[in-house]
Amino acid sequence: MPLAARIRPDTLEGYFGQGHLLAPGKALRNLIESDQIPSMVFWGPPGVGKTTLARIIAKHTNAQFIDFSAVTSGIKEIRAVMEKAEGNRFLGHKTILFVDEIHRFNKAQQDAFLPFVEKGSIVLIGATTENPSFEINASLLSRCRVFVLYALSQDDIGALLRHAVDFLNNEAAEGARLEIEEKYLDMLASFANGDARIALNTLEMIATNASGTPITDEVIGQFISRKFLLYDKGGEEHFNIISALHKSMRNSDAQAAVYWLARMLEGGEDPLYVARRVVRFASEDIGMADSEALKISVAAYQACHFIGMPECSVHLTHAVVHCALAPKSNALYTAYGAASRDAQETMAEPVPLVIRNAPTGLMKDLGYGSGYQYAHDHDSKVTDMQCLPDNLAGRTYYRPTDQGREARIREWMGKLEELRKKP
């Protein structure tokens, strides 16, 4: 039997992932543990545990559990199973029918289940990788509860792989133990992209090939793509390449920036991680020299979230090229840095009375808000009122450059200072 079948758990405690459904206190876990299973559909990508979860239910239920495949069965087989279930019902026994790949049944085949679900002859559990709203008849779907299973996280698959290594080593003969470093298990977990079956099948091939010898880069490289091996999302290369992307954009080198972007995405990097770094760059290295850079970068992040890879690669390219070609200014970055240092050293500095609110009579008597100048009462919309603490009066944090729009901002700030000095 394949490794994935040999280590398939038969209890919820041994099940990896889907905590949103199966953590203690969650609805599906409570239904399984109380043996009160309704007709339902498990919808999720391959290798996330749909069939395994059905087998766990089989172990927990007092009903007769029938495993049925939509790939190999037709109307004749469905009718035979329904007759058996109907007989069980007359004897007072419940039947749970698990149908794997239920979306492969056509309308007539799905309709054959409907009357038996309606009168309670069977509790139907369907598993599908396709959207049940489109692939399962509305009348049948309306009688089922849909549970969405998600691709496993890298941590979940990593934990599963460590469990599998222990299992293999318990099976192994003397001298044939699998010696594999944590970094390779992490690479495998990332390479599997949320699919436990891929992770376990790849691990089994590696174990068979290793024959008790230590795993090396060369061995791993035979089973996962070479590009993935060279780009370790948790290792030094990850930080080297994001640094290369950031510094290429800072240097206004659009060609290099697009190349490093492609290296990350083609190596399996999460596009949302790249998008977050570009959003940061838009304010750290461009700022108000081109405020459109921030808008475009945030829009690219949203596009990555909406449609994912590979389609979102062009949106990230849009943001990266815009940021690379935009005028550069780190004035906002240095402004906050300087203000942060002063703030940490002057936490006890009081807010000037003139700009404090005075919601009570006592606060007015204490001088809160006394002398406040309402900017809108002045033609220039500017006053000479001091807004910084006394010890920091006159301090300058934001110093716009002469790049892009900041040149105009610098000119405007000069005019504001002149207006403040006028009586």
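**Burial and strand pairing in the predicted model**

Thr51 counts as buried because its relative accessibility is 15%, where buried denotes under 20% relative accessible area, exposed over 50%, and partly exposed the range in between (1.4 Å probe, protein chains only). The structure is a predicted model, in which local features need pLDDT of at least 70 and side-chain atom pairs count only at pLDDT 80 or more, while totals for chains, interfaces and linings use all residues. Residues are numbered from 1 along each chain as its sequence is written, and side-chain values use heavy atoms, with hydrogens and water left out.

The pLDDT, the predictor's confidence in each residue on a scale from 0 to 100, averages 88 over the protein chain, and 96% of the residues score at least 70. Confidence is lowest in helix H14 (residues 226-230), with a mean of 56, and highest in helix H19 (residues 313-325), at 97. Helices (H or I, at least four residues) and strands (E, at least two) are DSSP runs, numbered from the N terminus.

Thr51 lies in helix H4 (residues 50-60). With neighbours within four places in sequence left aside, Thr51 is in contact with Arg8, Phe98 and Asp100, contact being heavy atoms within 4.5 Å. Asp100 also stands opposite Ala127 in strand E4.

Strand E4 (residues 123-128) is mostly covered, with 6 of its 6 residues buried. Burial extends to both faces of E4: Val123, Ile125 and Ala127 are buried on one side, and Leu124, Gly126 and Thr128 on the other. Two strands are taken to pair if DSSP finds at least two bridges between them. Strand E3 (residues 95-100) pairs with E4 in the parallel sense over 5 bridges. Strand E1 (residues 40-43) pairs with E4, also in the parallel sense, over 4 bridges, and Trp43 stands opposite Thr128 of E4.

Helix H22 (residues 406-421) has 16 residues, which at 1.5 Å a residue should span 22 Å; its end C-alpha atoms are 23 Å apart, in agreement with that value. The expected span is 1.5 Å times one less than the number of residues. Within H22, Glu406, Ile409 and Leu416 are buried. Viewed down the axis of H22, the buried residues fall within an arc of 65°, and therefore line one face of the helix; the arc is that of the directions from the helix axis to the C-beta atoms. The cover over the buried residues of H22 includes helix H20 (331-345). On the other side of H22, Arg408, Glu418 and Lys421 are exposed.
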